[in-house]
Amino acid sequence: MAGIVAELLDILDLAPLGQDRFRGESLQTGWFRVFGGQVVAQALVAASRTVPKTRPPHSLHAYFLLGGDPKAPIDYAVERIRDGRSFATRRVVASQHERAIFAMSVSYHDAEEGAVHQATMPDVPPPEEVAEAPAAAAQAAREGAAIPAPILSYFGRRRPIELRPVEIERYLRRAPRDPRFHVWMRAVDRLPDDPAIHRAVLAYASDMTLLDATLIPHGQTVFDGEIQSASLDHALWLHRPFRADEWLLYAQDSPSAGGARGFARGQIFSRDGSLVASVAQEGMIRPRRAEG
């Protein structure tokens, strides 16, 4: 496999350092800090290296403590909190420059039979009917509108995950809207069949667009120069098997914002309507402070 997906898989293949410690590198995206989804995914890989593959993860809860340095390696230390008869718990701390930048707990559970129900998948256009960002920009231009350059760059740049926002028109007109946002996403190349890889890739993708939903009711976006934004925490629940290289619908909403923080939730559906994961996140969304 070659290309950007191969680069993602390469950074997810952590180097062992011994005694439940691992080291990871960062994708060189040009950002001044490490992408949070990358740290979540790498921490999940590190924790899962200490648990039998027959006991998959079902939930993780993480806190972003400091912005990561993309030029420096990240060390992951795993603590084996508990190994029970059907559940296991791990704690992971990521460090750089001798400081903790991230902490996460992961719970694992043996497969069991039980009651089944799920939320209904939202009724949105299929991914083939949702324009990629460059095509959406061209259509907007024909209609006398324009997608701001930072937004077009974000959704159109080369990355391992393809994103197709359903309501891309929210970026054309800065008006308050109902705080709901839907994005089709998938890895841009086929992934190996190992379910652990698909879980790690989904964890990586789950941090890409969620915080932006908190600004929809205010007619703003995280791409605005006057907004200072950063993820504070991240939680992910894995409900059902899936493939991250097939189209997944990320249905997002924001029930609350206040105190310079916004809270957002996400439900991730496979194309057949199965709810495969749920996500929750709180982030900082404050007016950017003047320099000097």
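Me: How much of the chain counts as buried?
Reply: Of its 292 residues, 49% are buried, where buried means under 20% relative accessible area, exposed over 50% and partly exposed in between (1.4 Å probe, protein chains only). Keep in mind that this is a predicted model, where local features need pLDDT of at least 70, side-chain atom pairs count only at pLDDT 80 or more, and totals for chains, interfaces and linings use all residues. Residues are numbered from 1 along each chain as its sequence is written, and side-chain values use heavy atoms, with hydrogens and water left out.

Me: OK, and what is the secondary structure?
Reply: The chain has five helices and 13 strands. Those are DSSP runs numbered from the N terminus: helices are H or I with at least four residues, strands E with at least two.

Me: How compact is the chain?
Reply: Its radius of gyration is 19 Å, close to the 19 Å from the globule rule for 292 residues, so it is as compact as a globular protein of that length. That radius is taken over C-alpha atoms, and the rule is 2.2 Å times the number of residues to the power 0.38. The C-alpha atoms fill a box of roughly 60 × 50 × 40 Å along the principal axes.

Me: Which strands does β8 pair with?
Reply: One is β7 (residues 161-165), antiparallel to β8 and joined to it by five bridges. Another is β11 (residues 248-258), also antiparallel, over six bridges. Two strands pair if DSSP finds at least two bridges between them.

Me: Which residues face each other there?
Reply: Pro165 has Val183 in β8 as its bridge partner, and His182 stands opposite Ala251 in β11.

Me: New topic: what's up with the phi of Gln19?
Reply: Phi of Gln19 is near 55°, a positive value in a residue other than glycine. Most residues other than glycine have a negative phi.

Me: Where is Gln19, and is it buried or exposed?
Reply: Gln19 lies in the loop between β1 (15-16) and β2 (21-24). With 77% relative accessibility, Gln19 counts as exposed.

Me: And what about Ala260?
Reply: Ala260 also isn't a glycine, yet its phi is positive, about 70°. You'll find Ala260 in the loop between β11 and β12 (261-270), and at 33% relative accessibility Ala260 counts as partly exposed.
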